[in-house]
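Work through the exercises below with the sequence and the 3D view open. Each task is followed by a stepwise solution.

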Amino acid sequence: MKINKEGYKIIFVTGALCLLAWWLIFHLINQYERAGMIWFVTILLLLFWFFIVAFFREPRRVKIHDSDLVFAPCDGRVVVTEVVSEDEYLHEEMMQISIFMSITNVHMNWFPVGGIIEYFKYHPGRFLVAWHPKSSTENERTTTVVRTDSGVRVLFRQIAGLVARRIVSYMEEGKHVTQNDRCGFIKFGSRVDILIPKSSTVLVSIGDPVTGSQTPIARLSRTIADSEGDE
């Protein structure tokens, strides 16, 4: 299992703290209670540390490229499919698909489409639970707009949740990116919103589980793509 580089420091620090806790408990409890207690503490601390290691796992997945499709940018479950008014950059009504990542999901993020990064911005903010409707506009988040080779603009947001306290983004305006390449990491529980043209065909429903870089969540309208690409 490959571990994402974003987890190296946390895994090392957590491991050191677990060792320190074990050492303190071993030396503080008396010898009569030590035999049973030390095995319990050892197993508990190892399970906790292995959970931290597993959180930063980076699975190997087949890269799929299809310019007509929008792929899930993360593992998780669909919690929103609705038309919203996008007021930060595109200033138009868009179809929003939101995916909630639980603390047990892989937290790598992937580009849902390929193209040029036209816009990127980091927003400091609150840490409401990630499924809260206001988390899209009030939580700490990043906003990225990718213009596909056919001219369609797709916006997506990495949103920190109640537990997540750091968003790592590999975005750079003007850079050409490939669909389903890694685009970032969100540490501990979070959400990603994907906003696509209203004419797109949504391929998922609320409650559906999705796999990042593997599950198609929408099909872009060829008519819109062709007309915007000619502008």
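**Exercise 1.** Find the residues that Ile 38 touches, leaving out those up to four places away in sequence.

Solution. Ile 38 has contacts (heavy atoms within 4.5 Å) with Trp 22 and Phe 26, once residues up to four places away are set aside. Next, locate Ile 38: it belongs to helix 2, residues 31-55. Helices here are DSSP runs of H or I with at least four residues, strands are runs of E with at least two, and both are numbered from the N terminus. Then compare distances: Trp 22 and Ile 38 are 16 residues apart in sequence, and their C-alpha atoms lie 7.9 Å apart. Finally, Ile 38 has a relative accessible area of 11% and is therefore buried. Buried means under 20%, exposed over 50%, and partly exposed in between, with a 1.4 Å probe and protein chains only.

The model is predicted: local features need pLDDT of at least 70 and side-chain atom pairs pLDDT 80 or more, while totals for chains, interfaces and linings use all residues. Residues are numbered from 1 along each chain as its sequence is written, and side-chain values use heavy atoms, without hydrogens and water.

**Exercise 2.** Which residues of helix 1 are buried, and which exposed residues does the face turned away from them carry?

Solution. Helix 1 covers residues 8-28. Its buried residues are Ile 11, Thr 14, Gly 15 and Cys 18. They share one side of helix 1 because they cover an arc of only 105° around the axis, taken from the directions from the axis to the C-beta atoms. The face turned away carries the exposed residues Lys 9, Phe 12, Leu 17 and Leu 28.

How values were computed: The expected span of a helix is 1.5 Å times one less than its number of residues.
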